Amino acid sequence: MLFQRIESEGLAQYSYLVGDSREAVVIDPRRDIDVYLEAATFQGYRIVAVLETHRHEDFVLGSVELAARTGAEIWHADGQWDYQYGEAVGDGQTWKIGRLKLEAIHSPGHTPGSMSYLLYDADGNPWMVFTGDALFAGDVGRVDFLGEDRMKKMAWLLYDTLHRRLLPLGDEVIVCAGHGAGSVCAGDISDRLWTTIGLERRYNPKLQFPDRDAFIRGVARKLEYAPYFREMERLNLEGPPLLGALPVPTPLTAAAFASRLESSLVVDTRMELGFGAAHVPGALSIWLGGLPGYAGWFLPYDRPLLLIHDCDDLSPVVRYLIRMGYECPAGYLAGGMLSWHTAGYENRTVRMVPVTDLCRLLDAGEKAYILDVRSEEERETYGAISGALNIHLTLLPGRMDEVPKDGTVYIFCASDLRSMIAASLLERAGWENMAVVLGGLIGWNSTTCKIV
């Protein structure tokens, strides 16, 4: 038998490769599909079908790409929408994979036509259930993607899915969810790497509500909606353009790079200290590990992207971007910032100060504007700085008019990575007097400006 869970880093997205007797299916594949082809080929399996649990909002599915490379059939959920590829799954539909069987279970709530897939072992016993975004470890799927006016209705459907369709499968059934901790498709997914129906029945807070009405009150809430979700929804109905092999950006000399600045957006994926020390004017700082979480908030789809990266392997950057529907970047700065400097081009810096220096400044009675870009949940959990201006990083582009310009703005987050993103956004919008606070909340020890 073949079984493999594949995680897409940063998005905390899980896809699954399941096979027996040399035939395999993939559930919810990502767009860069080489991982499935390599795993199946290495063990002598042929991918014959692709199953989707729902129309995804946070990443581009690789179903069309995988079918083009393997000839596999595509079965999509949410058949009420106008898909441009594949066939709609029906409730109760089954697939034989060698000695195994998969059965579709209509699981509405996260989306109207979500499907889960129950895997039976060779003896016909229920073994695993692939729940997509209906049920996670410690949480359930968000119900606000269709708008606030339909949240209660979607929560009503999700309650039925959980209590009448999934929980009755049996406590011993393994839950293979569509996401892990850190996903934007739910607010409180736990870090249990594996779970079961029984564990969720006992420990999942969203399954402890006494009745349907309490469940609806507890889960029908509006969460943050990233701008790129709309593009994901479109691509996952129409099918994205085929990639073939993983694309590679064009290396550009400093002169060629500079000539494209006006028509492009520069994305600098170096760590925050390197960006702060020197960067191309107008560049947006998003460190490599932060791309899956923040690219979709700040990068446009209608403008070419140029890259600055600190190593020759650009494949992680390209993978992160194409998973969110971006075209391959138009080019990258060959030789990095060294080539920019030696060519004599202008660069910018961002002032960086240790958190202890800012605390001493405040304790001496000096005035300082503090911009805290952590989320409300972080402030509630770990404490807030009294007197700080609180604007979550993802909301900053729409609230820049609240950030003062008549003094130094000290930008603060849990560490300093998100603070540098905020600094680059402000710099692009014309702010000049700002400083990124290094050390974040852990190092805070001001006596006059306390953590509350």
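1. Arg399 has a relative accessibility of 27% and therefore counts as partly exposed, a class that falls between buried, under 20% relative accessible area, and exposed, over 50%, as found with a 1.4 Å probe on protein chains only. The model is a predicted one, in which local features need pLDDT of at least 70 and side-chain atom pairs count only at pLDDT 80 or more, while totals for chains, interfaces and linings use all residues. Residues are numbered from 1 along each chain as its sequence is written, and side-chain values use heavy atoms, with hydrogens and water left out. The side chain of Arg399 meets that of Glu402 in a salt bridge, at 2.8 Å from N to O, where the term stands for a side-chain nitrogen of Lys or Arg within 4 Å of a carboxyl oxygen of Asp or Glu. Glu402 is likewise partly exposed, because its relative accessible area is 37%.

2. Elsewhere, salt bridges that share partners join Glu9, Arg30, Asp32, Asp34, Arg319 and Arg323 into one network. A search of the whole structure gives 26 salt bridges. As a general point, side chains of opposite charge can pair when their charged atoms come close.

3. Among the salt bridges is one between Asp139 and Lys206, whose side chains meet at 2.6 Å, N to O. Asp139 belongs to strand β12 (residues 139-140) and Lys206 to the loop between α4 (197-203) and α5 (212-219), so this pair ties together parts that lie 67 residues apart in sequence. Here and below, helices (H or I, at least four residues) and strands (E, at least two) are DSSP runs numbered from the N terminus.

4. Another salt bridge, between the side chains of Glu238 and Arg234, spans 2.7 Å from N to O. Both residues lie in helix α6 (residues 229-238), where they are 4 residues apart, or about one turn of the helix. Glu238 is partly exposed, because its relative accessible area is 43%, and Arg234 is partly exposed as well, with 35%.

5. A reader new to the structure may also wish to look at Arg31, in the loop between β3 (23-27) and α1 (34-42). A polar atom of the Arg31 side chain does, however, lie 3.2 Å from the backbone oxygen of Ile322.

6. Ala12, in the loop between β1 (2-8) and β2 (13-20), has a positive phi of about 50°, and Ala12 is buried, because its relative accessible area is 5%. Asp78, which is placed in the loop between β5 (73-76) and β6 (87-88), also has a positive phi of about 50°, and Asp78 is buried, with a relative accessible area of 0%.

7. Val280 sits in the loop between α8 (272-277) and β17 (284-285) and counts as buried, because its relative accessibility is 0%. From C-alpha to C-alpha, Val280 and Arg348 are 6.3 Å apart in space, although 68 residues separate them in sequence.

8. The largest pocket holds about 1,300 Å³ of space. Of the 38 residues that line this pocket, Gly182, Val184, Glu224, Ser375 and His392 are the closest to its centre. The elements that give two or more residues to the lining are α9 (291-298) and α13 (376-382), and α13 gives the most, with 5 residues. On a 1 Å grid over the protein atoms alone, a pocket is an open set of points with protein on both sides within 12 Å along at least five of seven lines, a cavity is a set where a 1.4 Å probe fits but cannot get out, and lining residues have an atom within 4 Å of a point. Points are joined across faces, edges and corners, and a volume is the space filled by probe spheres set on them.

9. The structure has 1 cavity of 30 Å³ or more, and the largest cavity contains about 80 Å³ of space. Its lining includes Asp139 and Lys206, the two residues of the salt bridge at 2.6 Å described above. Val140, Gly141, Arg142, Ala186, Gly187, Val219, Arg221 and Leu223 also line this cavity.

Key. A polar contact is a pair of N or O atoms within 3.5 Å; within protein, one must be able to donate a hydrogen and the other to accept it, and residues adjacent in sequence count only if both atoms are side-chain atoms.
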